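Please keep the 3D view open and find each part as it is named.

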Amino acid sequence: MSGSKKMINFMGARKVLGIMSICLVIGSIILLATRGLNLGLDFTGGTNVVVESSTDIDIAKARQTLEQAGFEDAVVQQYGSSRDLSIRVPPQEGIEADQVGQRVFQTLEGKVGELQLKQVEFVGPQVGDELRDQSGLALLMALGLMLVYVWFRFTNKFGIATVAALLHDVIIVLGLFSLLRWPFDLTVLAAVLALIGYSLNDSIVVADRIRENFRNTRETDPHVIVNGAINETLTRTINTSFTTMLVLVALFFFGGEVMRAFSEALLVGIFVGTYSSIYVVANLLFTLGVSKEDFLIPEKEEIDEMP
Amino acid sequence: MTRYPRWKFFLLLAVLLGCGLYALPNIFPDVPAVQISANAAGEEVPASVRRQVAETLDQAGMEHGPGETVNTSWLVRLDSTNDQLRARQLISDRLGDDYVVALNLAPTTPQWLRAVGASPMNLGLDLRGGVHFLLQVDMETVIGQRMEAWSGQAKMALRDEGIRYRDVAIDGRKLVATFDDQVAADAARAPLRKALPEFTLNQAEETPRLTLTLNASTLEELQDYAVEQNRTALNNRVNELGVAEAVVQRQGADRIVVQLPGVQDASQARRILGRTATLEFRLVADQYSAQRAATGIAPPGTEIFPFRDQNNRPVILEKSKIATGDQVTNAQMGFDQQSGTPQVNVELDSTGARSMQRVTSKNVGNPMAVLFIETKTDMKTVEDENGERRQVPESTTDRYVINVATIQDTLGSRFRITGLDSPAEASELALLLRAGSLAAPVTIVEERTIGPSLGRENIEAGLKSMVLGMALVLVFMLLWYKVFGIFANIALLGNLVIIVGVMSLIPGATLTLPGIAGIVLTVGMAVDANVLIYERIREELRNGRRPREAIDEGYNRAFTTILDANITTMIVAVILFSAGTGSVQGFAVTLFIGILSSMFTAIIGTRALVEMTYGRGARAPSKLSI
């Protein structure tokens, strides 16, 4: 361990932060259970139309026009700028499903300005259901495979701690999406999956160093060992997260409407992930009572016990 | 002290040069072009037509390239997109119905690059604009029709053997044959087994009833056949629409993806894709009076249909068909010489022609009708027993007579259909007849239309965020790690070249907007490997190691951690690829490629640069700029 660098006592605030983490996770789970996610078109089915005008569009008027035409449940929103409008309509009765988009466009054209059709997306309810199932499965599969990986990679307490950190990150990100009603679509799912890979990787680097230091030091106080390991990997942890966040910020501001939710998910995720790789992993290791004995090469006791 | 092995330098150089070469075509912009292809599939565009195209463009005063053959089409480059639209109209007017003129983009890849097989990346629909359809093949209809046919076969087999049966009923995927007694049921086993090898036979206990269950393998074959047939028919139709680089692909058991880049008018495409139209030629049963037809009860052996052009007046037609739409080998729109009304000139295959000849020769002076059969499939909302609303496809079939004409003479393989409303209808009917009918009705279950302006915006947004994100990372690395930061930055640029090169090399890989996000993200994450290594080197230096040793230690000890870190993300990319669709798969692909190449550049690449800078000379460096 280096003597020249200043040590931050990370473990000092561990109880307070641990409680905060638990509260956030529980809060997120409650939100997800009660409010659920604001599922995007990919998962609910329906039609989404994006129109563009040369002048600003009056949203209230657009809403009213649509209402009069029988699209009472249309969700009308600005799309990036005041000249772009996104209209989302749930699956309709009576109109041939794949023609809803055209209808919506015709309804609005001329009424709220000279419009140009930018994008029409129609997803059948059946396809939506399937994508939802598939995505849920993908999420579980990713978590499951990470579990298997961690199980091979670590044993006992370290495995539990890293997986807990992973779940912590994913649940909090999903919870935030639920709280702020940010739309959750396929690209956000991609972001969450990428986050799973990223978060685990982050935790592994820290956990690895903790393990290494337990083995290579004569120090016996787990507090000092863990704190040292976190301090040693701190620059790396922050630098990696920082560079990744730099590109995500670029994506957030310049990537357009499609990439906004994607970069939001990852920005939040990486922030939480960085925190969790420092605190959640170490915190849980303490709670599970990690000690130097965990790293001694186990002696074959069973044989001695045989009569 | 370890010397860096020479082969790694060469490997690095070879990979970078190779990928650089294949990444190069992406720098050359695409130019607008028109693509002319013959209506008949597989036919080349003859030189005379090529001359006509050039003449047309010259007359309109448009600058254009000399033209080139792409597959079997003729591609002519133009100056601007404005020219492109006008050129299509002009050429299409000049060449008429026999050729399809489509808008396309021509790559400006130089000849020497094309010679080594280098071409730009495929861009997804979200970047180039176009229409994406996901079509669901209605299997139940197909199976229902086949079950009808099989039940007929069963009855015929029983009749041939002289076995009396009460009924052969269809029950889902089963046929249930009921007999008067056990003896008849037993006798029926052998002939049924022989007549219907596609079924498994079992007998219900104590009853004179035989149940035939359709074999799973046959069912699968039937599905495969129907989907494949539909795919082929859709492919033909898409070709008829004249869309360049269209994709028609099977997805899963019963779905077909159709992607039409550059198509703006989704409604026309939708109409052509979703429709199944066919024709039947039948004799009019004119021995019955009009009053008889008006009762709506068809005499035996006949059916009643409305005559569309005559206020839906009912017409009685013979049940037996003379010829059907699938026997049509060619159909072209044309105009009647005298009246100028639109018509479709039809050619039949040999079976159809023989039948037509046989029937018409015996019926000169009698009327013949053309029956138009169109199946449209809509989604209908129903409420199931749990009170949940679901959408189910519901097919409606319209059958109506479009034309009744007196047979003037024995007809052969060529004749014409009149009685069509408009030239547009005639050309659409000709198209549908030419392109073949669908084996099963299809429903559009997903549709995504991306306007060309949005495609361009997406490309710009993607590039802008990539350039900015990259610039930020480069500056940060330079400031934080100084000379070693420069190494990492060079590696990062090399990484980008490799990603683009590999993406261009893999024929199936498509760049989408999330794909660009994947590249941007790997740019951010790629430096992680270098951060890990450099931090380790710094630490070793602090612990009092000499620079050479610190470098060795840094690279060696960080390696397992880097591998670890990247494996997790690669696993995720694979899952995402298998679970996602289209654009999200694009993200998985770039993420995967990006991680692999970043490991390569960040470990082998920066090491080579470090060795070149600090490894030379007899004396070891005393200080590192890190």
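**Notes on a predicted model**

1. The model shown here is predicted, and for chain A the UniProt record, in an unreviewed entry, lists the feature "domain: Protein export membrane protein SecD/SecF C-terminal" at residues 111-288.

2. Over residues 442-603 of chain B, 86% of the chain is helix and 7% is strand, with 52 Å between the end C-alpha atoms.

3. Chain A is also divided into domain 1, made of 10-39 + 127-294, and domain 2, made of 46-123. Taken over C-alpha atoms, the centres of domain 1 of chain A and domain 2 of chain A are separated by 39 Å.

4. Helix α7 of chain A is mostly covered, since 27 of its 31 residues are buried.

5. A:Glu212 lies in this helix, α7 of chain A, and because A:Glu212 has 15 C-beta neighbours inside 10 Å, it counts as partly exposed; the label "buried" would need 20 or more. A:Glu212 and A:Ile225 are 13 residues apart in sequence, and their C-alpha atoms are 9.8 Å apart in space.

6. In chain B, four strands form an open sheet in the order β7-β8-β10-β9, with antiparallel pairing. Strands β7 (167-171) and β9 (199-203) of chain B stand at the edges, and each has a single partner strand, so one side of each is left without a neighbour in the sheet. From one strand to the next, the twist averages 20°.

7. Within this sheet, β7(B) pairs with strand β8 (residues 174-178) of chain B in the antiparallel sense over five bridges, and B:Thr178 in β8(B) is the bridge partner of B:Asp167. Helix α6 (residues 139-161) of chain B lies across β7 and β8 of chain B, running at about 160° to β7(B). Helix α7 (residues 182-195) of chain B packs on the sheet as well, touching β8, β9 and β10 (209-214) of chain B, and its direction makes about 20° with that of β10(B).

Technical notes: Residues numbered from 1 in each chain as written. Chains lettered and ligands numbered in written order. Predicted model: local features only at pLDDT ≥ 70, side-chain atom pairs only at ≥ 80, totals over all residues. Helix = DSSP H or I, 4+ residues; strand = E, 2+ residues; numbered from the N terminus. UniProt positions renumbered as here; feature names shortened; annotations may be inferred. Domains from an automatic or database assignment. Pairing = 2+ DSSP bridges. Axes fitted to C-alpha atoms, helices over the stretch in contact; angles between N-to-C directions. Contact = placed C-beta atoms within 7 Å. Buried ≥ 20, exposed ≤ 12 C-beta atoms within 10 Å, placed from the backbone.
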